[in-house]
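Dear colleague,

Please find the structure below, as promised. My notes on what was found in it follow directly after.

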Amino acid sequence: MSYTIITEMYFWLVCVVTGILMTFAYDCLILLRHIFRHSRLWVDIEDVIYWIISFFASFVVLYYENDGIIRFVAVLGAAVVAAIIIATASKKTVVFMVLGPMLMLLFSNDNLKNNGKRLIV
């Protein structure tokens with residue numbers, strides 16, 4: 001294969017991995033919302049913070065891997081993989097299958113109560 005094709009495949013793979021990591025991070029955020037109930041305001045604030053971090057992660061990928069040029073293949077790579085994961089395996093990931101029950105057990109109401117007083121975590 002030519003060097004150009006290998007470089008393009010590597011760039012697309014980096015974009016795909018970025019999409020996977022962003023989806024995984026959002027799954028972790030959803031899991032934390034299930035464990036610790038949030039008001040609508042806090043959910044909105046968390047979402048804004050998530051999207052700001054995701055924007056900067058995408059910017060860093062585009063800046064270092066593609067000299068700052070925004071190309072459709074980069075956006076498509078991350079978006080398609082994130083959509084596939086959300087549609088198929090989002091709540092079946094390791095976060096929900098393994099970490100979810102462990103964190104729920106750790107932070108359940110019975111473990112957080114101490115003589116009728118809720119412990120601060």
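Which residues does Tyr 26 touch, not counting residues up to four places away in sequence? They are Arg 33, Asp 47 and Tyr 50, where contact means heavy atoms within 4.5 Å.

Before going further, please note that this is a predicted model, in which local features need pLDDT of at least 70 and side-chain atom pairs count only at pLDDT 80 or more, while totals for chains, interfaces and linings use all residues. Residues are numbered from 1 along each chain as its sequence is written, and side-chain values use heavy atoms, with hydrogens and water left out.

Tyr 26 lies in helix α1 and is partly exposed, with a relative accessible area of 23%; here buried means under 20% relative accessible area, exposed over 50%, and partly exposed in between, using a 1.4 Å probe and protein chains only. Tyr 26 and Asp 47 are 21 residues apart along the chain, and their C-alpha atoms are separated by 8.9 Å.

The crossing of α1 and α2 is right-handed, meaning that the near helix is turned clockwise from the far one by less than a right angle. The residues of this contact of α1 with α2 divide into 12 nonpolar, 5 polar and 4 charged, with Ala, Val, Leu, Ile, Met, Phe, Trp, Tyr, Cys and Pro counted as nonpolar, Asp, Glu, Lys and Arg as charged, and the others, Gly among them, as polar.

As for the cysteines, Cys 15 is buried, with a relative accessible area of 4%, whereas Cys 28 is partly exposed, at 25%. The structure holds 0 disulfides, a disulfide being a pair of cysteine sulfur atoms within 2.5 Å.

Across the protein chain there are 5 helices and 2 strands, which are DSSP runs numbered from the N terminus (helices H or I, at least four residues; strands E, at least two), and they follow the pattern α-α-α-α-α-β-β along the sequence. Buried residues make up 29% of the 121 residues in the protein chain.
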